[in-house]
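My notes follow in the order I took them.

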Protein chains: 2
Amino acid sequence: MGFGEDNLRGVILALLSSGFIGASFIIKKKGLRRAAVSSGVRAGVGGYTYLLEPLWWVGMITMIVGEAANFIAYAFAPAVLVTPLGALSIIVSAVLAHFILKERLHKLGILGCVMCIAGSVIIVIHAPMELPITSVQEIWNMAMQPAFLLYVGSVIVLVFILSIHFAPRCGHTNVLVFTGICSLMGSLSVMSVKALGTSLKLTFEGKNQLIFPETWFFMLVVVTCVIIQMNYLNKALDTFNTAIVSPIYYVMFTTLTILASVIMFKDWEGQSGGMIISEICGFVVVLSGTILLQVTKDFERSTSFRGNHTPGSPSLSARLYNGNGELAKYCDEEVPPEEICLRIQESY
Amino acid sequence: MGFGEDNLRGVILALLSSGFIGASFIIKKKGLRRAAVSSGVRAGVGGYTYLLEPLWWVGMITMIVGEAANFIAYAFAPAVLVTPLGALSIIVSAVLAHFILKERLHKLGILGCVMCIAGSVIIVIHAPMELPITSVQEIWNMAMQPAFLLYVGSVIVLVFILSIHFAPRCGHTNVLVFTGICSLMGSLSVMSVKALGTSLKLTFEGKNQLIFPETWFFMLVVVTCVIIQMNYLNKALDTFNTAIVSPIYYVMFTTLTILASVIMFKDWEGQSGGMIISEICGFVVVLSGTILLQVTKDFERSTSFRGNHTPGSPSLSARLYNGNGELAKYCDEEVPPEEICLRIQESY
């Protein structure tokens, strides 16, 4: 298995990116907490004091650096390699949250981390080498293959059906509608980001690609896809719990991106069956690890919320009665609703 | 990656073995239930009526067939390949329990199954080929290598320390003592089973190995090790919960067996670094899947009761108060707790 220099660069950039993005969540959250302590108003209820908190801005910059590293990684290594490594940002943020924010990691969450790492190692070991690309026209020709055009066509049709027919009817009850739209668009975003990144890499290497209209077309596609993707991701996160949206989005987005990359860049051509199967298994393992980590984060939320609950914020208290009208459980302290649900489930 | 005919035979036998052993648990359990229904006394409280139940005997025979297949598998394929596939018996029994015994599988348990399968596939793809063995003396020479003798010596010393010093002091409070002894002995059992199996295979092929004292020595070692191992496994299961013992035992036993096999049979010689790392990752994934499956089996014990909600069973009604003590939401009817949670989330 040959592991080229470009793949190595791509992997290092992807790992750095995951490190920065993972850390940025923690820094921003610490910033939000500081802002809440100093003003008494939480961002969740409309406060904007966090904009005055330098730590929040440090987090924002860390995230931008991370996204930039991710963008450059796509210029060097295949999407089949870079995309699944994105899961490591979830590990970084879970581990940092454990140590810095004292949000205790559930034991099964640690297992999820171990799996993400094992799966990532398998993916990296079996990653395909990319054919060297020398001009943006080459990428353009790849994008114009009938198979990839069919993929793009299907994505556009599906996004239309989802956003016009399903979104108004069940977008607010079925988590798959908004998440589906942004995963479908996301796979096109990554392909165009990869095309644009490669063009810019070639430009920096002295082969100016900015003179070709294809480069500008890809830039337009990047902007369009990313805007649509972000718009629906925000809708999904506004409507549903992050702990539900994140794993579903991660699974769909990564799967579709790999599918798109395999069609467009023919990543799997020239690889043995065993290597392709190993990659898929590695990918399944990373997905499972991510799901496990996200699901158990929700288990643990009850205990971490209890710790840093700022006084004065809105919450509910509940009296729970059993079938005979007797008081079964009483939550007197002000606790967030998730916590009440957890206690209901526990007490039941 | 060459995948020899012997490895293929070994994998098929190991899979059959896992299927039989996994099914045997379910058949035996069904037999025990029938016996309990017909006599009113459960095996757990001292009843022996299950011995009159044919189904229990079918389960017992299924298990013996499975163990035999496992024994033969070791004669064909390296322990590095056969041992981790044993985890699949846990999947088989979990899936059959879901469908036949209606013991609902937790969603995370399904994730555990997926991981065990993905990890097993990775292990099978990267398994080393064994050097052909032509006589029991060859195995004897492998067992007499200084590195392996050092391993055997360490195991014996550790088992002595654990059973004489630790077992009386903390054997009943620390799960690692009994489980440790049977895992250590287990790794020697597998090595001697493999030696004996290979000798018998050669004998059946016409090269009689029964004339050599080494064959009989290995047989003696098999019997001794298996008796000690079973004795301490029973002690561990008697003292601690199966859900705790199983994953710990599986992890330690498999790890030590692979270590022993790598030392004695030099399984990893001639394999590339990438293949060895992939194997280890596959193994870690199978272990994680097994742990997840076992841990969540315990979760489900409480929630599965909730699933078949019989009418008249207790449910909850809730009064929810906001931060100021005002009544925010009132669920008067008896609704299942999930419904209350949904309403809380809606009202919030």
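Before starting, I noted that a helix here is a DSSP run of H or I with at least four residues, numbered from the N terminus. I also noted that the model is predicted.

**Entry 1, B:A143.** I looked up B:A143 and found it in helix α6 of chain B, residues 136–143. Its relative accessible area is 8%, so I put B:A143 down as buried, the cut-off being under 20%. Leaving out residues up to four places away in sequence, I listed B:F148, B:L149 and B:M264 as the residues that B:A143 touches. I also checked B:A143 against B:I263, which is 120 residues away along the chain; their C-alpha atoms are 9.2 Å apart.

I then took helix α8 (residues 175–204) and helix α10 (residues 242–264) of chain B; their axes come within 8 Å and cross at roughly 35°. I recorded the crossing of α8(B) with α10(B) as right-handed. On the α8(B) side, the contact residues include B:V175, B:L176, B:L184, B:V190 and B:M191. On the α10(B) side, I noted among them B:I244, B:I248, B:F253, B:L256 and B:M264. What is the make-up of this contact of α8(B) with α10(B) in nonpolar, polar and charged residues? I wrote down 15 nonpolar, seven polar and no charged.

I located B:T290 in helix α11 of chain B, residues 273–307. Is B:T290 buried or exposed? Its relative accessibility is 1%, so B:T290 goes down as buried. Outside the four places on either side in sequence, B:T290 touches B:A87, B:I90, B:C116 and B:Y250.

I counted 12 helices and two strands in chain A. Chain A has 348 residues, and 51% of them count as buried. Of the contacts in chain A with a separation of 6 or more, 76% are between residues 24 or more positions apart.

The assignment divides chain A into domain 1 (1–130 + 270–304) and domain 2 (133–266). I noted 20 Å between the centres of domain 1 and domain 2 of chain A, taken over C-alpha atoms. In the contact, 22 residues of domain 1 of chain A meet 23 residues of domain 2 of chain A.

Next I looked up the largest nonpolar core, which has 71 residues. Those with the most contacts inside this core are A:L81, A:F148, A:Y151, A:M191, A:M264 and A:L293. Helix α8 (residues 175–204) of chain A gives the largest share of this core, 13 residues. Where does this core lie relative to domain 1 and domain 2 of chain A? Both domains give residues to this core, so I placed it between them. I followed up A:M191, which touches A:A79, A:F148, A:T257, A:A260, A:S261, A:M264 and A:F265, not counting residues up to four places away in sequence. Another core, of 70 residues, lies apart from the largest one, with B:C116, B:Y249, B:V262 and B:F265 among its residues.

I checked A:K266, in the loop between α10 (242–264) and α11 (273–307) of chain A. Its phi is near 45°, a positive value in a residue other than glycine. A:K266 counts as partly exposed, at 37% relative accessibility. I then checked B:K266, in the loop between α10 and α11 of chain B. For B:K266, I again noted a positive phi, near 45°. The relative accessible area of B:K266 is 36%, which puts it down as partly exposed.

Technical notes. Residues numbered from 1 in each chain as written. Chains lettered and ligands numbered in written order. Predicted model: local features only at pLDDT ≥ 70, side-chain atom pairs only at ≥ 80, totals over all residues. Heavy atoms only, no water. Axes fitted to C-alpha atoms, helices over the stretch in contact; angles between N-to-C directions. Left-handed = near helix turned anticlockwise from the far one by under 90°. Contact = heavy atoms within 4.5 Å. Nonpolar A, V, L, I, M, F, W, Y, C, P; charged D, E, K, R; others polar. Buried < 20%, exposed > 50% of the residue type's maximum accessible area, 1.4 Å probe, protein only. Core = buried A, V, L, I, M, F, W, Y, C linked by side-chain atoms within 4.5 Å. Domains from an automatic or database assignment.
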